[in-house]
Every structure is written in structure tokens, then in C-alpha cells.
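Me: I am new to this structure and would like to go through a few of its parts. Could you take me through them?
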Amino acid sequence: MRPLNLARPAFVPHGRAAPPSVHRPRREGMSAEAGRSRRAARVAGCAVLLAVALTAGSVAVGNLKGDDARGGAVAAGPGVVPARLVTGADLKAGVSALQAHLKTQPKDFTAWAALGLAYVEQARTEGDPGRYPQAQRALDRSLELRPDNDQALAGHAALAAARHDFTGALRYADRALARNPYSERALASRVDALVELGRYGDASRAADTADDRRPGIPVFTRYAYVRELRGDTGTARRVLEQALGSAASPGDIAYVATALGQLAFGRGDHDAALRHYARALAADDTYLPALEGRARAQAASGDRAAAVAGLERVVARAPLPGPLVALGELYEAGGDREQAREQYVLVEAWTALARAGGVNADLDTALAAADHGDAKAALRAARAEWERRRTVHTADALGWALYRNGRPQEALRFARRATATGYRDATFLYHRGMIERATGHPRQARTSLTAALSLNPGFSPLGAPEARKALKELPR
């Protein structure tokens, strides 16, 4: 096996498994009216959190630019602020250090590029789309000070990927690599962009190139994901295990162990998933993807109370569509439709704020709305996303949106395309099975639904029971 490279990506690829199921009982002694008031306050509070996320910290970049407008020190040399300060558990401290540094050294183009990347990472890990405009301004400032410097160009590639502008991400990554063929960030972002554009062959070659030039943790994880998309989960697991063995910092350990947990969960090995998430949280007990993954695995294993508590903790800090839908489905599976609706409403609020921050949220909208919102809006969003990029995930989303709009014959082509690369995802198989059932293909439907439940019997708190019910109703 090739040697490979690992640093957490600024963009996390779509397509990890869906959540399990939990119900939180109403507090004893609480009246229905008080419960409604409490829930309304909670929704309002989350909406405020989302709104604050959009604007939080905007003064920082403005003030730094103000300092620069009055003149300032000559640009400092590269590497003034250590790279470790803008990743992992040190991220918040790293942003503060960069901001302080730039107040005294406002012409340090490398620090502006590092600050831009740090804002991208904050947006990704904290569910804060308001950081993206800040990242844009910081990266643009770096390019003003030093045109075409590869750090800022690579930062723009990461920013574009985070905003789901994958064509732009590829363009910026190529520009950065023309300046510096060994830019780790640009090499990684190029793989991300090609994957998310559905150019899997090119992505595989790009991962090989990145491995040759800059082996380490960022490339390890991307290499593994490209293999997983081709159905080669054995290689994906071995690569991630190799990556975990080479990880030294708590942030890298948490990141890679979480990737292993996601891979194990997707294969239905919930015990292994929980072990990997425990390893991740031992390294960094605040790492949200590990907390979310653990909650999903707990629910699939039957520990519903722990799963709900875990997801509530996640959405309180980062109200992103994935965990919001996961929590909503857990409530719904437990019979609490009102609490479930709160989470789905907040997905819509996040989508609006994300778009205001320059994020293309059509895939998120399609996936959430198809099951829990406006089916017509889901179809519009899925079609728009399909026109931009033709991946297994957009094919699945479009097929499911068509099915939800009563158009299963059209849906079948996309459901088949979503499963054509060898990528094994229980949700994809479930969607395909339900569509095959609706189009009069009972034998194929039975095969797909059985495969979904065999692969991961706890893939979804709502989908898995529905798959079992459909199987019972299919003719033998």
C-alpha cells in the first residue's frame, strides 16, 4: 500500500450514514401549554444562535483592516504563526493569536491566508456560515498584499469547497498548484473538488499525486474516501488505520478515529464504531463529529436516551442539517412529532443563513425536505444540484425527491445510478428498494431492501423500520 498523508479537510464529503432513533420524555408536571412555551423558546433560542453565527466576529476582520489602513509594519516572513494553531482543539486560540499578530503585523500575507483558512475551519466545525465572508475578506487581503501567493489561493480553494462551489475550488486549487506543486492544502482541496464533482477517476489519480508529493494525514483520509466510493472498504479501513497509527496530535487522532467510526457504522458494525468514537473523544472530548457519530451508533445499538442526549449536545453547539435531522428523526421515531418539527424548522433556518453566507445548500435542502419538508422544494433543489455536479449523492437525492413527488419511474434511473459505482450505503439501497417497489419490480425491491438492512440494520430510525415493513408486504 502506498504511503499517505493526513490533515483534517476543510470540507467533509457528503454521504455518511443516517441516524438512529430516540425519544426524550416530557418532564413530569409540565403542562401542555408550558411545554409549548418551552419549545417555542428553544426554537427561538436556536434561531438566535444561527443568526449570531452569521455575524459573529465580523468586527475582527474589519478592525484588522482598519489597523492596516493606518499603515503598519512591513510584512513578516512566512511561518510567523505556527500552523498547529489554526487546526484542531487549538483553533479558537489560533484565531485569537492570528488576529493579535495581524494588529501589529498587518502586512503579513501568510498570516492573512492562515486566518482565512482558520475561519473556514471554524465555519465547518462550528456550523457557523457567518465565518465564510470573514474568510473571503482575509484571503482577499492576503492576495492584495502578495498577488497569486499559493497559501491564499489554496485557502480560496478550501473556502469554495466549503461553500459547495466545487468548480471554483478546482480552479483555485489548480492555480495554487501552478505556483507550488507541493501545497498540501491545494492538493487536498483538489481531491475534494473532483470527488464532489463526481469525477471519481480523476479524484483517484489526484489522490495518488497528492500522496506522491505530500504524504500525510490529509491525503490518507481523502485516499480512503475515494476507495470507499468505489466499494473498496477494506483498503479504506487499512489506510485509515495506518493514518491513525501515524497521528500524533489530539486533533488528528480525533479526526481519523472518527473517520474509522463512520466507516464501521456504515458497515453496520456498531460496536466497532463506538470503540472508534471512544478513541476520538478520549483525544478530544469536544469533537462534534465524534459526538454525533457516537450518538448515531448508540441509537442503532438501542441506547436511545444516550443518543438523544448526545445529539442535543451537538445541535446546541452546531445546529447543522445533519444532526438536526438526526435528532428530529429520533424524536419522531419515539412519537414526539412536535419536538421533531422543531428540528426540521431549524434546518430551514440554517439553510437560509448558509445561503446568506454564500453557501450553496441545495443538497442539504433536498435531503432534509424530501422526508421532512416541502417535497416540491426538495425536487427543485435536487435538480439544481444535479445540474451542477453529478455524484452518487446528488443522484440519490434527486431519485428520492422524484419518488417523494410521486414520480417513481423517473426516480428509478437516478436510484440505480447512485448505486452504480460500488459505493455501499444502506440509505441508498433503501431508497432504491422503495422506488423499485413503487415501479412494479418486487424481486429487485426485495434484493435492495434486504441488502440495506444486512449492510446496516440501524441505518435510520425511520427508514430501517419502513424497510422492514415494506419487505413484509412484498410478494414472495
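This is a predicted model: local features need pLDDT of at least 70, side-chain atom pairs count only at pLDDT 80 or more; totals for chains, interfaces and linings use all residues.

Me: Which helix does Ala207 lie in?
Reply: Ala207 belongs to helix H9, which covers residues 200-213.

Me: Is Ala207 buried or exposed?
Reply: Ala207 has a relative accessible area of 1%, and under 20% counts as buried, so Ala207 is buried.

Me: What does Ala207 touch?
Reply: Leaving out residues up to four places away in sequence, Ala207 touches Val191, Val219 and Tyr223. The C-alpha atoms of Ala207 and Leu194 are separated by 9.9 Å, with the two residues 13 apart along the chain.

Me: Changing topic, at what angle do H3 and H4 cross?
Reply: The axes of H3 (residues 91-104) and H4 (residues 109-126) cross at roughly 150° and come within 10 Å. Angles over 145 degrees count as roughly antiparallel, so H3 is roughly antiparallel to H4. The crossing of H3 past H4 is left-handed.

Me: Which residues make that contact?
Reply: From H3 they include Leu91, Val95 and Leu98, and from H4 they include Trp112, Leu115 and Tyr119. The contact of H3 with H4 has ten nonpolar, four polar and two charged residues.

Me: And in H11, which residues are buried?
Reply: In H11, the buried residues are Gly234, Thr235, Ala236, Val239, Leu240, Ala243 and Leu244. Helices H10 (217-229), H12 (250-266) and H13 (270-283) are among the elements covering them.

Note on methods
Residues are numbered from 1 along each chain as its sequence is written. Side-chain values use heavy atoms; hydrogens and water are left out. Axes are lines fitted to C-alpha atoms, for helices over the stretch in contact, and angles run from 0 to 180 degrees between N-to-C directions. Helices (H or I, at least four residues) and strands (E, at least two) are DSSP runs, numbered from the N terminus. Angles under 35 degrees count as roughly parallel, over 145 as roughly antiparallel, 65 to 115 as roughly perpendicular and the rest as oblique. A crossing is left-handed if the near helix is turned anticlockwise from the far one by less than a right angle, and right-handed if clockwise. Contact means heavy atoms within 4.5 Å. Ala, Val, Leu, Ile, Met, Phe, Trp, Tyr, Cys and Pro count as nonpolar, Asp, Glu, Lys and Arg as charged, and the others, Gly among them, as polar. Buried means under 20% relative accessible area, exposed over 50%, partly exposed in between (1.4 Å probe, protein chains only).
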